[in-house]
Amino acid sequence: MWFMRQAGRYLPEYRDLRANKNGFLDMAYDPVSACEVTMQPIRRFQMDAAILFSDILVIPHALGQHLEFVPGVGPKMEALATAKDISRLNQDDLHGVLDPVYKTVANVRAALAQENFDDVALIGFSGSPWTVATYMIEGGSSRDFMKTKTMAYSDPQGFGAIIDLVVDSTAQYLIRQVDAGAEALQLFDSWSSALDADQFQKWSVEPTKKIVNLVKAKHPDVPIIGFPKGAGINYLSYVAETAEDAAGLDSSSPTAWAAEHLQTKLPVQGNLDPFCLYAGGEAMDSAIMKILDDLSGGPFIFNLGHGINKDTPIAHVERAVELVRSYKR
């Protein structure tokens, strides 16, 4: 088991470290601080995996797109108003900008060994091209993705050029993470639910498949977990075609359905609602037990259906860990 966003603001030790840094990016690009943050939930909860502390938007940032994290607002970027704005981006300093991330991966690998967490896996990650592109084009978060979807429909060739750039950069980035010590990878397609079935195939499945092929050509044995949040029945095509090694389930995915249609093909991961974890109590206990009953008969990683909420009580996480660890089928 591990939790998406397990290293973060719900931990007091994280908040103490963040208070002494000049914003999120300052911490994410500091290999010492980012390593410490990655290790915090491992020390506290003994999770089975550590996930790299970083952000999915380091790719467009490394390509030259302005990025800042505004307190209380979130990421703000210099939006790509048209596909032609891709001319502002290039890969000239891609690995120079991302080098601190690779150093963080190496630091975490060393810290896990030094602190006797040799059996804890280190997961690297990136955003999937569709999700990353929405931020690049919208200039930040969006509720309807109107600019991105309009560009994808009206200028598929130009939009495809943006996706292709993100695909190639992401594959290089993930390969370097494995080179540095990551033992598994996760691709976050957090906004795949915004796509209809045809667009999902074009802008989620196909780019993901390209990334998997590029990474596997260099590191054929590294497991890759795909997380197409909100994909619904499109999980079937995603699993069948991307060649990823495991499927991350969002909270809306019925676990009994996943056991029948997905888990017979590959390991699944998920999918406790983060707000159920936040609420705690009997509702959380029951939800955890149902997930375990439905999915523990096959290869399974217990996780959340998305990232942990920043106000989640630590006692609730401790209780969740206890329930999973003590479960007997």
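Q: Over how many bridges do strand β4 and strand β5 pair?
A: This is a predicted model. In it, β4 covers residues 121-127 and β5 covers residues 184-189. The two strands pair in the parallel sense. Their pairing runs over 5 bridges.

Q: Which residue in β5 is the bridge partner of Gly127?
A: Strands of a sheet pair through backbone hydrogen bonds, either parallel or antiparallel. Here the pairing of β4 and β5 is parallel. Across from Gly127, the bridge partner in β5 is Phe188.

Q: Which strands stand at the edges of the open sheet of 7 strands?
A: The strand order is β1-β4-β5-β6-β7-β8-β9, with parallel pairing. An edge strand here has a single partner, so one side of it is left without a neighbour in the sheet. That describes residues 49-51 and residues 300-304, which are β1 and β9.

Q: At about what angle does helix α13 run to β8?
A: Helix α13 spans residues 281-295. The helix lies across two strands, β8 (268-272) and β9. Relative to β8, the angle is about 160 degrees.

Q: How far does helix α14 reach from its first C-alpha to its last?
A: Helix α14 takes in residues 314-326, which makes 13 residues. At 1.5 Å a residue, 18 Å is expected. The span in the model is close to that, at 18 Å.

Q: Which elements do the buried residues of α14 pack against?
A: An α-helix has 3.6 residues a turn, so residues three or four places apart point the same way. In α14 the buried residues include Ile314, Val317, Ala320 and Val324. The buried residues of α14 pack against α1 (12-19), α3 (31-45), α12 (274-279), α13 and β9.

Q: How far apart are the closest N and O atoms of Glu13 and Arg44?
A: Glu13 sits in helix α1 and Arg44 in helix α3, 31 residues apart. Glu13 is partly exposed at 22% relative accessible area, and Arg44 is partly exposed at 33%. The two form a salt bridge, with their closest N and O atoms separated by 2.9 Å.

Q: Is Asp85 buried or partly exposed?
A: Asp85 forms a salt bridge with Arg88, at 3.6 Å between the closest N and O atoms. Arg88 has 33% relative accessibility and counts as partly exposed. The cut-off for buried is under 20%. Asp85 has a relative accessible area of 19%, so this residue is buried.

Q: Which residues do salt bridges that share partners join into one network?
A: Lys21 and Asp30 meet in a salt bridge of 2.7 Å, N to O. Asp30 is buried, at 18% relative accessibility. Shared partners make one network of Lys21, Asp26 and Asp30.

Key
Residues numbered from 1 in each chain as written. Predicted model: local features only at pLDDT ≥ 70, side-chain atom pairs only at ≥ 80, totals over all residues. Heavy atoms only, no water. Pairing = 2+ DSSP bridges. Helix = DSSP H or I, 4+ residues; strand = E, 2+ residues; numbered from the N terminus. Contact = heavy atoms within 4.5 Å. Axes fitted to C-alpha atoms, helices over the stretch in contact; angles between N-to-C directions. Expected span 1.5 Å × (residues − 1). Buried < 20%, exposed > 50% of the residue type's maximum accessible area, 1.4 Å probe, protein only. Salt bridge = Lys/Arg side-chain N within 4 Å of Asp/Glu carboxyl O.
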